[in-house]
Amino acid sequence: AKSYVEQANSSLEVSKISLSEYRDGIYPQDQQLVRQYVATCQLEKNRLERAAVWSRAMQKKGYRTSLQANGDELARQQAEIALGEAQNMLERLMKQTGPKLLKSLEANVKAIESDKLTQDASFSLETQRLARIRKNVKNCTLIAPSDGIVVYANQSNQWGMVTATIAEGVTVRQDQPIINLPDPLHMRVKAR
């Protein structure tokens, strides 16, 4: 139970670090990278728009062919598409992906906290059980009142037959005689 508590503590710590890492590090960094990509796409689109306008003007003057002007127009359209995709990427990151990952990491932290509470309660019960067992073991320890030879106090019936044998591992009841300390001068037992 103690190792499960320690494992739950470690898992909780790792989970909190993962949440902090994403919320305070990776997520803002991803936002910044996507914003930079959007800005780059916007600059490229603006540049290609100017190039397409210039190319059409040069085509009218006869300095560029229609294929060159069409190529510049296609490049502008591709840049416009890339800009739209970049803006959609930023919107998905801000409204869906980022919040979803944050909620998932927060839920993971809460689940591990719940598991930790369960493990703590289990550990507390096991600790109480261990204390109870130790108390019972202490209560089961027999100590002779004085030095001497100790013999089991087997109970006999009226015909001399042993009815309650005391031996190692036998269940005994409260206040049942378990040992005798015979008087060595008037010994009444057979000792081996």
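**Helix pairing and core contacts in a predicted model**

Student: Which residues is Tyr 27 in contact with, leaving aside neighbours within four places in sequence?

Tutor: Tyr 27 is in contact with Tyr 22, Leu 93, Met 94, Gly 98, Pro 99 and Leu 102. Contact means heavy atoms within 4.5 Å. This is a predicted model, where local features need pLDDT of at least 70, side-chain atom pairs count only at pLDDT 80 or more, and totals for chains, interfaces and linings use all residues. Residues are numbered from 1 along each chain as its sequence is written, and side-chain values use heavy atoms, with hydrogens and water left out.

Student: Why is Ser 15 called buried?

Tutor: Its relative accessible area is 4%, and buried means under 20% (exposed is over 50%, partly exposed in between; 1.4 Å probe, protein chains only); therefore Ser 15 counts as buried. Ser 15 lies in helix α1 (residues 2-61); helices are DSSP runs of H or I, at least four residues, numbered from the N terminus. Not counting residues up to four places away in sequence, Ser 15 touches Leu 105, Asn 108, Val 109 and Ile 112.

Student: What makes α1 roughly antiparallel to α2?

Tutor: The axes of α1 and helix α2 (residues 66-139) come within 8 Å and cross at roughly 170 degrees. Angles over 145 degrees count as roughly antiparallel, so α1 is roughly antiparallel to α2.

Student: Which residues of the largest nonpolar core touch the most other members?

Tutor: Of its 15 residues, these are Leu 19, Tyr 22, Tyr 27, Val 34, Val 38 and Leu 102. Such a core is a set of buried Ala, Val, Leu, Ile, Met, Phe, Trp, Tyr and Cys residues joined through side-chain atoms within 4.5 Å. α2 gives the most to this core, with eight residues.

Note on methods:
Helices (H or I, at least four residues) and strands (E, at least two) are DSSP runs, numbered from the N terminus. Axes are lines fitted to C-alpha atoms, for helices over the stretch in contact, and angles run from 0 to 180 degrees between N-to-C directions. Angles under 35 degrees count as roughly parallel, over 145 as roughly antiparallel, 65 to 115 as roughly perpendicular and the rest as oblique.
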